[in-house]
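Keep the structure open while you read.

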Amino acid sequence: RLANKEFKTATFSLGCFWGPDASFGALPGVIKTRVGYAGGTTTDPNYQIIGDQTETIQIDYDPAKISYQELLEKFFVSHNAYAEPYSSQYASKILYHNQSQQKAALAFKEKLETKTGQEIKTEIKPLKKFYLAENYHQKFRLQQHKEFKKYYLTQMSFNEFLNSPTITKLNAYLAGKGKEEWLLQNLNDLALTNHLAEQLLKINKIDPAACTNLCQ
Ligand code: MHO
């Protein structure tokens, strides 16, 4: 199992939170992710009554394996930060947790603007409150795969599912994110049945033969 150790947290808004839940979750060094609403003033928002809050992803990461700088790089390549936001629900935001994140984010933005000569619309401001989104939005890609969803949710509570580093990775792989070698390294940690392991390899277009030496 992937260890649940000392971590740091990054909070980003970059459009619909389903995609980034999977793409950030795939990165080595990212321990777990969750989706919610933040960046606005509306209290107790939900998907129907979101008010001025923004769909946001929270990322717990191991700073020994991935830096805030690398997460910022991923943030900016994952969406168009130059476009005027479609709505406050889908705005681009970096919600920093401390001064060092603030400095890194501002510097990154400035460097990109100088390089491209274009203004970045990302708001950079302190995180005030993160409201966890409804269960059905968490690990959305995995939940779309009903067999996988059933397999895990009969073994664990939703809270365990939400906070599991293993589930974070599985959500990423079921979305076809990440690299083959990561999947092969992590396959045993996913504790799947042979049938589900085959499905997962198929989704990621990996020949099961590639797996016979590495996977049990
Ligand atoms: N309404 C879009 C985005 C969903 S995202 C959670 C869709 O159904 O794909 O805002």
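1. Start with the polar side of the domain contact: between domain 1 and domain 2 there are 5 residue pairs in polar contact, with both partners at pLDDT 80 or more. A polar contact here is a pair of N or O atoms within 3.5 Å; within protein, one must be able to donate a hydrogen and the other to accept it, and residues adjacent in sequence count only if both atoms are side-chain atoms. On the domain 1 side, helix H1 (18-25) and strand S2 (30-38) each put in at least two residues that touch domain 2. H1 gives the most, with 6 residues. Helices (H or I, at least four residues) and strands (E, at least two) are DSSP runs, numbered from the N terminus.

2. Some housekeeping. This is a predicted model: local features need pLDDT of at least 70 and side-chain atom pairs pLDDT 80 or more, while totals for chains, interfaces and linings use all residues. Residues are numbered from 1 along each chain as its sequence is written, and side-chain values use heavy atoms, with hydrogens and water left out.

3. Now the domains themselves. Domain 1 covers 8-132 and domain 2 covers 139-211, with bounds that come from an automatic or database domain assignment. Their C-alpha centres lie 25 Å apart. The contact (heavy atoms within 4.5 Å) takes 15 residues from domain 1 and 14 residues from domain 2. Together the domains bury about 1,300 Å², 62% of it on carbon and sulfur atoms; buried area is the accessible area (1.4 Å probe) that two parts lose on being put together, summed over both.

4. Which salt bridge crosses the interface? The rule finds 1 between domain 1 and domain 2: Lys-139 pairs with Asp-21, the closest N and O atoms being 3.7 Å apart. A salt bridge is a side-chain nitrogen of Lys or Arg within 4 Å of a carboxyl oxygen of Asp or Glu. Asp-21 lies in H1 and Lys-139 in the loop between strand S6 (131-132) and helix H4 (140-144), so the pair ties together parts that are 118 residues apart in sequence. Both residues are buried, meaning under 20% relative accessible area, with exposed over 50% and partly exposed in between (1.4 Å probe, protein chains only).

5. H1 deserves a look of its own. It is largely enclosed by the rest of the structure, because 6 of its 8 residues are buried. Among them are Pro-20, Asp-21 and Phe-24. The buried residues of H1 pack against elements including strand S1 (8-14), S2, strand S3 (54-61) and helix H7 (165-174).

6. Elsewhere, a search of the whole structure finds 4 salt bridges. Asp-60 pairs with Lys-32 at 3.5 Å between the closest N and O atoms, linking strand S3 to strand S2 across 28 residues. Both of these residues are buried, and Lys-32, Arg-34 and Asp-60 form a network of salt bridges. Lys-125 and Glu-123 also meet in a salt bridge (3.4 Å, N to O); Lys-125 is partly exposed at 24% relative accessibility, and Glu-123 is partly exposed at 36%.

7. Last, a loop residue. Gly-29 sits between H1 and S2 and counts as buried at 13% relative accessibility. Not counting residues up to four places away in sequence, Gly-29 touches Asp-60, Tyr-61, Asp-62, Lys-65 and Ile-66.
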